[in-house]
Amino acid sequence: MKDEYILIKTKQFIERLPADEVLSVQRDGRKVLVVAEDREYEYYDSMENVLNHLDDRFYKAHGGLVVNLDKIRLMKDQEIQFYNGYSMFLGRSNFIKAKQKYYSYLKTH
């Protein structure tokens, strides 16, 4: 069973961020960028470590990006829009695969 949270650890603080609040996780060199519903976190960690705490609602759209399928509002024109207004773009082939996964996820959940 996966954890219900991601552990965010920086020099300034340690926080248990509930997985329900996570929109996406992106790799940025040696850091990860976690985009939550109301804030962003950038800290040193590996994608593999973060992914070990996430369940099947999180889809690896490509090597450096994971999205929370529960938080997606709309997928259109290579853009993913989340309920809080945050959006991101994917390359064509990654977008097509992500859209298929999203549709499949919606049918089973």
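**Entry 1: a hairpin pair**

Which residue in strand 4 is the bridge partner of Val25? I found Val34 in that place. Before going on, I noted that this is a predicted model, where local features need pLDDT of at least 70, side-chain atom pairs count only at pLDDT 80 or more, and totals for chains, interfaces and linings use all residues. I also noted that residues are numbered from 1 along each chain as its sequence is written, and that side-chain values use heavy atoms, with hydrogens and water left out.

My strands are DSSP runs (E, at least two residues), as are my helices (H or I, at least four), numbered from the N terminus. I call two strands paired if DSSP finds at least two bridges between them.

Strand 3 and strand 4 pair in the antiparallel sense, over 6 bridges. They form a hairpin with 2 residues between them, and Gly29 in the turn has a positive phi of about 65°.

**Entry 2**

I then followed strand 4 to strand 5; the two run antiparallel and are joined by 5 bridges. Here Val35 has Glu40 of strand 5 as its bridge partner. This is a hairpin too, with 3 residues between the strands.

Is strand 4 enclosed or open? I found it largely enclosed by the rest of the structure, because 5 of its 6 residues are buried. Buried means under 20% relative accessible area, exposed over 50%, and partly exposed in between (1.4 Å probe, protein chains only).

Next I looked at an open sheet of 3 strands, in the order 8-9-10 with antiparallel pairing. Strand 8 (72-76) and strand 10 (87-89) stand at the edges with a single partner strand each, so one side of each has no neighbour in the sheet. Neighbouring strands here are turned by 15° against each other on average, direction ignored. Angles run from 0 to 180 degrees between N-to-C directions, with axes as lines fitted to C-alpha atoms, for helices over the stretch in contact.

Strand 8 and strand 9 (residues 79-82) share 4 bridges in the antiparallel sense. Helix 2 (residues 92-108) lies across strand 8 and strand 9, and runs at about 135° to strand 8.

**Entry 2: Ile72**

I picked out Ile72, which lies in strand 8. Ile72 is buried, at a relative accessible area of 2%. Leaving aside neighbours within four places in sequence, Ile72 is in contact (heavy atoms within 4.5 Å) with Val67, Ile80, Gln81, Phe82, Tyr83 and Tyr102.

**Entry 3: salt bridges**

How many salt bridges does a search of the whole structure find? I got 6, counting a side-chain nitrogen of Lys or Arg within 4 Å of a carboxyl oxygen of Asp or Glu.

Asp20 and Arg57 meet in one of them, at 2.4 Å, N to O. This pair links distant parts of the chain, 37 residues apart: Asp20 is in the loop between strand 2 (14-18) and strand 3 (22-28), and Arg57 in the loop between helix 1 (47-51) and strand 6 (58-62). Arg57 counts as buried at 10% relative accessibility, while Asp20 counts as partly exposed at 44%. Arg57 also forms a salt bridge with Asp55, the closest N and O atoms being 2.8 Å apart.

For Lys71 and Glu37 the closest N and O atoms are 2.5 Å apart. Lys71 lies in the loop between strand 7 (65-68) and strand 8, and Glu37 in the loop between strand 4 (31-36) and strand 5 (40-44), so the pair ties together parts 34 residues apart in sequence. I also noted a network of salt bridges linking Glu15, Glu21, Asp38 and Arg39.

**Entry 4: rings**

The rule takes rings of Phe, Tyr and Trp (its six-membered ring) with centres within 6.5 Å; planes under 30 degrees apart count as stacked, over 60 as edge-to-face and the rest as tilted.

Phe13 and Tyr41 form a tilted pair, 6.2 Å centre to centre with 55° between the planes. Phe82 and Tyr86 have ring centres 6.0 Å apart and planes at 35°, so this pair is tilted. Phe82 counts as buried at 1% relative accessibility, whereas Tyr86 is partly exposed at 22%.
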